[in-house]
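The following exercises concern one structural model. Please study the sequence and the coordinates, then work through each task and its solution.

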Amino acid sequence: MSPFAYLRPASLDEAIAAGGDGQARFVAGGTNLLDLMKIDVEQPAAIIDINRLPLAAIEATPAGLRIGALARMSDVAIHPAIARDYPVVAQALLASASPQLRNMASIGGNLMQRTRCTYFRDTACACNKRQPGSGCSAIPGENRRHAVLGVSSACIAVHPSDLAVALVALDASLRLRSREGERSVPLDAFYRLPGTTPQQENVLRPGELIVAVDLPASAAARRSRYLKIRDRASFEFALVSAAVGLEIADGTIRDARLALGGVGTKPWRARQAESGLVGKMAGDEAFTAAADAALQGAQPQGQNRYKIDLAKRTLARALGEAAGGAET
Amino acid sequence: MESILPCGSGLLPDAALQPIPEVGMPAPDFSLPGVGKRPIRLRDFRGHPVILAFAPPGWDPGSAEQMAVLNQAAAGLLPDSVRLVGIAMDGPWCSLAVEGEDALRFPLLRDFDPAGGVAHRYGVYGKRAVIVIDGEGILRWKAVMANGILPRPELVADALRAIAPAGEGILAMNRRQFLLCALAASVVLHLWPDSAHAETPAGAPAAPAPKPLPPQARHVTLKVNGAEHALALDTRVTLLDALREHIGLTGTKKGCDQGSCGACTVLADGRRIKSCLTLAAMEEGKAIVTIEGLAQGERLHPMQAAFIKHDAFQCGYCTPGQIMAAVALVREGHAGSEEEIREWMSGNLCRCGAYPNIVTAIREAAAEAKT
């Protein structure tokens, strides 16, 4: 680990001032940042410990809920309003990491976590995300776990967060704070596709800090489900996951939310598949058609072709479970 | 009078700011706990080239299953007429058995914790590294790699050049130097056995990193098992390393050091966390409880007693972390069924496979806690 200055600002304004030049990193749980610092993928000159700032509250708003960026994954997962009105969020959180890591990791940090691509994490390998212009080792290499949607010739790394998939499905947005003030950005628009600049993963400006997540309430959020498929039963990243929400009246779908994890270079919202569902009778036929639509345009590499079928089945099954009546 | 830095010592702020020795500079002295009472000091080996290996605990170059890897790596470097037939460790001495020749002995100091004081002093904190010091006490070669990095063939060539006499080619080296260098290269390759034969993918090499800051020191007060400890720590020190290396509470274990294995689990303000993925400075002000803080005097915590009763471990290395996680699990109310216990213990690995007994112990301790 390279040496760094450790700063512990006493207020949000101080933190924003300290983060100004982009050479520093904000740290909350530290579970991803410290891991990456130990392997020299991250070498910040300073880290800004924001854990003592009052940003951990979960509050009701007229539109839904506001989750403070420093709320911990374990606390959000068991919050009564989350479990009741946004089950997909609670399920995605409980399917993430391990109990110890969920106690440490913050909501803001979860959304900022870096890809698990092994070439990104290995500083001896070429990686356009870590070292722009050096090439992509995954495209000709081991890519069983890599993305099939949103890929470019520069990068096929998967976005690793489960939570982000659930939040993108529910139209969550982020409150971002910088020296210029505060702004709101839809989470789906927050993440960028890799294109030719995979090192730019989001629209965060240098020194800008996520302070909260705004989660709008909806009937689809109340009837929602997260289904995660992985190589082992627990404590593992997704091969494929699906976050779905449905509003159904008299057997007819009024509103549908679909997002996929483990297959995209960003949390993958499937809007076209959603609009295809609206007005249809809830059932296997509609769900299978939606799953096919969601994977339109998928581009497999050497070893990850299986993800296309797996994602379709996962999505169709999640829709079936969400429609099944149980609002769990 | 040179100052001697004990292995694993706390680094005082001024020590942290001493320059890191580069190739060609005198190697700073240090002492290691020796066999018996007498510590081993680097200066004791003056006259012999010395290899320092900063490797995971338990690494043994002489063990049978590792000989094949070492021999394979050395084979490519040694002349055809020289065949390495064995490596044995006798305290700090490494003995190379060579077919038809007398054994070659030289010091190989290998029990360095990558997070200890010597690693700090040599600028390889948290890294896997091999350092070669010549008989005059001058640092001659340093190979540093972060975990998970592929070794590069150039490293071996660098090592050969480092030991070759000035102005002469590699072939001018005598056989002893050559063997030593071959062993050093083998050691480096061996430290990453899985990746030693992997190809380094094509692409432009990484740009040189900007010159790093000097190490930064900070005063940190930690509250552990009810006692306060005022420490002067490098900012990079994790809670785990602070507990083990600076406070001396070695019950909390370092397994993977990357949040995967759970051996380092402790409680912070009553919540279970992985102490390897948080900085000591970040945990200031919290009440930390380690495995040493569970028993009441001679009376074991019920979870400790249940682990013993049900034989819930074999080698015991993961056990402190398992017990700390299990104590938290019961408080969280996740001991309802065997399935639930397994899911909520998934952050703790046991390579001996004691899982069935661990689950049984937790069920019993949880049932007792209710009554």
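This is a predicted model: local features need pLDDT of at least 70, side-chain atom pairs count only at pLDDT 80 or more; totals for chains, interfaces and linings use all residues.

**Exercise 1.** Carry out the corresponding analysis for D171(A).

*Solution.* Step 1: phi of D171(A) is near 65°, which is positive although the residue is not glycine. Step 2: D171(A) is found in the loop between α8 and β6 (173–178) of chain A. Step 3: with a relative accessible area of 36%, D171(A) is partly exposed.

**Exercise 2.** How many residues of α5(A) are buried, and with which residues is V89(A) in contact?

*Solution.* Step 1: seven of the eight residues of α5(A) are buried, so the helix is mostly covered. Step 2: the buried residues are P87(A), V88(A), V89(A), A90(A), Q91(A), A92(A) and L93(A). Step 3: leaving aside neighbours within four places in sequence, V89(A) is in contact (heavy atoms within 4.5 Å) with I82(A), L163(A), A166(A), L167(A), L170(A) and L215(A).

**Exercise 3.** Which residues have the most contacts inside the largest nonpolar core?

*Solution.* Step 1: a nonpolar core is a set of buried Ala, Val, Leu, Ile, Met, Phe, Trp, Tyr and Cys residues joined through side-chain atoms within 4.5 Å. Step 2: the largest such core has 40 residues, and V89(A), I107(A), L111(A), L167(A) and L215(A) have the most contacts inside it. Step 3: helix α8 (residues 163–169) of chain A supplies the largest share of this core, seven residues. Step 4: apart from it lies another core, of 35 residues, which includes L33(A), L34(A), I247(B) and V266(B). In soluble globular proteins, nonpolar side chains tend to be buried together.

**Exercise 4.** In what order do the strands of the five-stranded open sheet of chain B stand, and what is the sense of their pairing?

*Solution.* Step 1: two strands pair if DSSP finds at least two bridges between them. Step 2: the order is β11-β10-β14-β12-β13 (chain B), with mixed pairing. Step 3: β11 (227–234) and β13 (271–274) of chain B stand at the edges with a single partner strand each, so one side of each lacks a neighbour in the sheet. Step 4: from one strand to the next, the twist averages 40°. Step 5: β12 (residues 265–268) and β14 (residues 287–289) of chain B pair in the antiparallel sense over two bridges, and A268(B) has I288(B) as its bridge partner in β14(B). Step 6: helix α8 (residues 319–332) of chain B packs on the sheet, touching β12, β13 and β14 of chain B, and its direction makes about 45° with that of β12(B). Axes are lines fitted to C-alpha atoms, for helices over the stretch in contact, and angles run from 0 to 180 degrees between N-to-C directions.

**Exercise 5.** How many disulfides does the structure hold?

*Solution.* Step 1: a disulfide is a pair of cysteine sulfur atoms within 2.5 Å. Step 2: over all chains the structure holds zero disulfides. Step 3: for C264(B), the nearest cysteine sulfur is that of C276(B), 3.8 Å away; C264(B) counts as buried at 4% relative accessibility. Step 4: for C350(B), the nearest cysteine sulfur is that of C318(B), 4.0 Å away; C350(B) counts as buried at 6% relative accessibility.

Note on methods. Residues are numbered from 1 along each chain as its sequence is written. Chains are lettered from A and ligands numbered from 1 in the order in which they are written. Side-chain values use heavy atoms; hydrogens and water are left out. Helices (H or I, at least four residues) and strands (E, at least two) are DSSP runs, numbered from the N terminus. Buried means under 20% relative accessible area, exposed over 50%, partly exposed in between (1.4 Å probe, protein chains only).
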